[in-house]
Amino acid sequence: MLHVLLSAAVLAGAAVAAGATMHRTARWIDREFRYGRVLRSVVAAIGIALATSAMAIVLTTGHAHDIAGLFACCATLLLVSVLFIAPYLRRTVSVTLRPRRILAIGAHPDDLELACGATLAKLVDQGHEVHTVVMSHGASGGDEHTRALEARNGSLYLRATTVNVLDFEDTALREHEQSMIAAIERAIRDVRPDVVLTHSAHDQHQDHHAVHQATMRAARQCPSILCYESPSVTRSFSPEFFVDVSTHVDVKVRAIELHRDQRNKPYMTGARARATAAFRGGQARVGFAEGFEVVRLEASAIGEF
């Protein structure tokens with residue numbers, strides 16, 4: 001009977017360690033829990049300790065056998081403790097009673113995650129419906145197939161309902177303004193958004209500015225339009241609307257990290273994302289925030305952000 005229990009302990013420890021380090025499970029833990037990476041590391045370490053100590057009990061005798069038994073007991077108690085504490089580390093936000101539809105539009109595959117990733121993740125967790133449109137594959141800045149896949153992975157990590165990656169020519173989006181307007185109008189007809197998020201007019205990147213202009217024309221009948229802050233905004237960017245993202249700034253960082261094709265860019269770092277969110281948080285009198293310029297804002301359309 002003892003050997004059966006010890007075998008079960010070895011298997012359980014190995015399963016816990018493997019589960020905590022598997023790619024899909026790791027991504028889920030990072031998305032669902034605060035301090036997700038720390039939690040994963042602790043669980044994996046406990047699993048390894050449980051498996052190895054249980055195996056040592058079988059293979060050793062005497063004093064070593066007793067020490068292995070003590071380690072196994074400690075590992076089991078720690079695992080139970082972590083499983084008890086974990087629910088308290090889960091990201092929790094109040095669920096809205098009036099869910100809205102949000103359409104977020106970006107020029108390049110990483111724009112949405114960099115600019116408003118935490119807001120989008122929080123909105124989803126509150127019960128709102130988020131849809132994303134990326135206007136280009138970003139071929140001029142990297143591998144177009146990789147970047148298109150990363151755009152989808154990034155939006156799906158934020159848990160967007162739909163992700164639409166278009167194939168307009170980046171660095172030359174202004175030359176396709178009419179086609180972009182038509183594409184955005186189609187997205188608006190499909191989603192019927194209460195709120196549209198897009199680039200700011202105060203952005204020195206030509207593609208970002210072109211998408212802003214196209215969105216203004218296509219979304220002329222939408223009740224609320226907010227413009228987010230990308231790394232290339234000018235000093236004229238002046239947010240008037242802030243979203244407290246203290247519970248989701250780590251989700252934003254993880255979403256940015258999914259864009260590995262662009263990882264060498266200086267603005268693609270967790271430190272930069274947190275610094276910007278901390279600065280806007282100071283303006284909003286919260287821990288971390290993302291700021292938006294208001295083009296048009298209807299209170300009933302915004303609801304509970």
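Trainee: Where does Arg 285 lie?

Mentor: Keep in mind that this model is predicted. Arg 285 sits in the loop between α10 (270-284) and β7 (289-296).

Trainee: What makes Arg 285 count as exposed?

Mentor: Its relative accessibility is 70%. Exposed means over 50%. Therefore Arg 285 counts as exposed.

Trainee: Where is Arg 159, and why is it called partly exposed?

Mentor: Arg 159 is in the loop between α6 (144-158) and β3 (162-168). Its relative accessible area is 31%. Buried needs under 20% and exposed needs over 50%. The value for Arg 159 falls in between, so the residue is partly exposed.

Trainee: How do you know whether His 248 is buried or exposed?

Mentor: The relative accessibility of His 248 is 0%. The cut-off for buried is under 20%, so His 248 counts as buried.

Trainee: Where is His 248 in the chain, and which residues is it in contact with?

Mentor: His 248 is in the loop between β6 (241-244) and α9 (249-257). Leaving aside neighbours within four places in sequence, its contacts are Arg 31, Arg 91, Val 93, Ala 118, Ala 121, Lys 122 and Asp 125.

Trainee: Which residues of α7 make the contact, and how do the residues of the contact with α8 divide?

Mentor: From α7 come Glu 177, Met 180, Ile 181, Ile 184, Glu 185 and Ile 188. On the α8 side, Ala 210, Val 211 and Arg 217 are among them. The contact residues divide into eight nonpolar, two polar and three charged.

Trainee: How do you know that the span of α4 agrees with its number of residues?

Mentor: Helix α4 (residues 62-85) has 24 residues. At 1.5 Å a residue, it should span 34 Å. Its end C-alpha atoms are 35 Å apart, which agrees.

Trainee: Which residues of α4 are buried?

Mentor: Ala 68, Gly 69, Ala 72, Ala 75, Leu 79 and Val 82.

Terms used. Residues numbered from 1 in each chain as written. Predicted model: local features only at pLDDT ≥ 70, side-chain atom pairs only at ≥ 80, totals over all residues. Heavy atoms only, no water. Helix = DSSP H or I, 4+ residues; strand = E, 2+ residues; numbered from the N terminus. Expected span 1.5 Å × (residues − 1). Buried < 20%, exposed > 50% of the residue type's maximum accessible area, 1.4 Å probe, protein only. Contact = heavy atoms within 4.5 Å. Nonpolar A, V, L, I, M, F, W, Y, C, P; charged D, E, K, R; others polar.
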